[in-house]
Amino acid sequence: MSWRVQVDPEVCIGSGICAGTAPEQFELVAGKARSRRETIGPDDRVLDAAQSCPVEAISVRDLAAGTDLAP
Amino acid sequence: MTETLPARTYPFSDPDGLRLDPLYAQLRAQPLARVRMPYGEEAWLATRYEDVRLILGDARFSRAAGVGRDEPRTRPHLQQEGMLSMDPPEHSRLRRLVAKAFTARRVEELRPRTRQIADGLLDTMAAAGPPADLVEHFATPLPVNVICELLGVPFADRHRFQVWSEAIISTTSLSIEQIQQYMDNLHGYIADLIAQRRVETDNPRDDLLTAMVRARDENEDRLTEHELVSLAAGLLAAGHETTVTQIPNMVYVLLTNPAAWERLRADPSLVPAAVEELMRFIPLGVAAAFARYATEDVEVGGVTVRAGEPVLGSVASANRDERVFDHPDELDFARDSNPHIGFGHGAHHCLGAQLARMELQVALAAIVGRFPDLRLAVDEAQLPWKRGMLVRGLLALPVAWGP
């Protein structure tokens, strides 16, 4: 479990792109996106969603390497 | 039970300016309706905000499942290529490639230049004196200029690709042969620009087309050549057809709502809120389009949509849902919360939304600031509206200012 995935609720505009792209990881609650699990294994679909966010609200950090994969 | 429900003809009526057919409000009080469009199979129609959001956002509804089906539609031709006909993860592969160019942060960098272009266009209009057609002299050149700079397409060629771009939003305004010809022309034009990029390796440009070509050439699995051309052409065309139409729509609504115009004139800080409210209020689409196909049985709006059945979602109706918006048929720049879905919802949410927002904000602020006493130069009843397109909009908006 080496990736940390978070959504910044202050930045999120509730477009639903992430929940539509990677529903196993993201859900919309009261109009804002939320990461279902904060730590996950590497998952390209999650990166797809993070890189498709129009306001770059999703951060994905590779904890092992100490690098930011998104935004 | 589906077969026994009578299907209404849809769209319910011809577009009438920016007025929404009252039947939508009635249908919001009922379970999902059955409709039949001019072409394609019968479908469900969702009119409530909650239901439209579900079908647009929920992974059990698919666009890819419509490929090969006789999709319900207002135009004779089927357009089943490109991102809008894909589902994640195939969809995501393409979207991810271009999403970075359209983030709020990147778009902010374009704001000063956009304002400069807008002011220049208004200066020219002012110098020529009233009356002026806002569609020709402002609303068309502004977004076209911006998308050209972003993509790296020569603005000087606009008279060619502006004509071809109509193919993207035409329903019946062009014949099927013309639509195909224009699409081919647009693709050919883009392919030429791409070829140009490929020989400029010594001095690469810093635009989106260059970035897309590089993505393709660095890893051919990321993007086929056809996808590259198709996507770039789509961005060029879609990237201005909608904003070009929405700017005059917004100005028209403001000019015919003097209290709203006055509020903006007196307090320009309201412009961003006004843009959001106008995006909610204006039914840009003539009708619900781009049906979603259920991939399993799903409960929506009091009915069970069976696997394989198409559902249309009316964004315009959702944006007037009294369950979500107080006094939904009134323009109100001071709403506490405005979760409109004017840019769609889910994986296919408008790619250019942040760019469109910025352009619309710049356009309104520039116009209201420059011509605070702007008025229609003709009777409202004389305004010419587009026909035979996916969008509602004006062919011309003659305006006047001064004494």
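Predicted model: local features only at pLDDT ≥ 70, side-chain atom pairs only at ≥ 80, totals over all residues.

Trainee: Start with chain B. Which way do the residues of strand β3 point, and are they buried or exposed?
Mentor: β3 of chain B covers residues 43-46. B:Ala43 and B:Leu45 point one way, B:Trp44 and B:Ala46 point the other way, and all are buried.

Trainee: What does β3(B) pair with on the β2(B) side, and in which sense?
Mentor: Strand β2 of chain B, residues 33-36, runs antiparallel to β3(B), and 3 bridges join them. B:Val35 sits opposite B:Ala43 in that pairing.

Trainee: How many residues lie between the strands of that hairpin?
Mentor: The hairpin of β2(B) and β3(B) has 6 residues between the strands, and B:Gly40 takes a positive phi near 90° there.

Trainee: And β9(B), is that parallel or antiparallel to β3(B)?
Mentor: Parallel: 3 bridges join β3(B) to β9 of chain B, residues 310-313. B:Ala46 stands opposite B:Gly313 in β9(B).

Trainee: Switching to chain A. What order do the strands of the open sheet come in?
Mentor: The order is β4-β1-β5-β6 in chain A, with 4 strands and antiparallel pairing. The edge strands are β4 (39-40) and β6 (67-70) of chain A, each pairing on one side only.

Trainee: How many bridges hold β1 and β5 of chain A together?
Mentor: β1 (residues 3-7) and β5 (residues 58-62) of chain A pair over 5 bridges in the antiparallel sense. A:Arg4 stands opposite A:Arg61 in β5(A).

Trainee: Now helices. At what angle do α8(B) and α9(B) cross?
Mentor: At roughly 70°, with the axes coming within 10 Å. The two helices are α8 (residues 176-199) and α9 (residues 208-218) of chain B. An angle of 65 to 115 degrees counts as roughly perpendicular, so α8(B) and α9(B) are roughly perpendicular to each other.

Trainee: Which residues make the contact?
Mentor: From α8(B), B:Leu193, B:Ile194, B:Arg197 and B:Arg198 take part. α9(B) contributes B:Leu209, B:Thr210, B:Val213, B:Arg216 and B:Asp217. By class, the contact of α8(B) with α9(B) has 4 nonpolar, 1 polar and 4 charged residues.

Trainee: On to charges. How many salt bridges are there over all chains?
Mentor: The search of the whole structure finds 35. One of them joins B:Glu41 and B:Arg69, with the closest N and O atoms 3.1 Å apart.

Trainee: Where do B:Glu41 and B:Arg69 lie?
Mentor: B:Glu41 is in the loop between β2 and β3 of chain B, and B:Arg69 is in the loop between β4 (61-62) and α3 (90-99) of chain B, so the pair ties together parts that are 28 residues apart in sequence. B:Glu41 is partly exposed at 21% relative accessible area, and B:Arg69 is partly exposed at 28%.

Trainee: What about B:Arg63 and B:Glu71, how far apart are the closest N and O atoms?
Mentor: They are 3.0 Å apart, and the two residues form a salt bridge. Buried means under 20% relative accessible area, so B:Arg63 at 3% is buried and B:Glu71 at 6% is buried too.

Trainee: Which residue does B:Asp58 meet in a salt bridge?
Mentor: B:Asp58 meets B:Arg60, at 3.0 Å from N to O. B:Arg60 is partly exposed, with 28% relative accessible area.

Trainee: And which residues are linked in a network of salt bridges?
Mentor: B:Arg28, B:Asp321, B:Glu322 and B:Arg323 are linked in such a network.

Key. Residues numbered from 1 in each chain as written. Chains lettered and ligands numbered in written order. Heavy atoms only, no water. Buried < 20%, exposed > 50% of the residue type's maximum accessible area, 1.4 Å probe, protein only. Pairing = 2+ DSSP bridges. Axes fitted to C-alpha atoms, helices over the stretch in contact; angles between N-to-C directions. Parallel < 35°, antiparallel > 145°, perpendicular 65-115°, else oblique. Contact = heavy atoms within 4.5 Å. Nonpolar A, V, L, I, M, F, W, Y, C, P; charged D, E, K, R; others polar. Salt bridge = Lys/Arg side-chain N within 4 Å of Asp/Glu carboxyl O.
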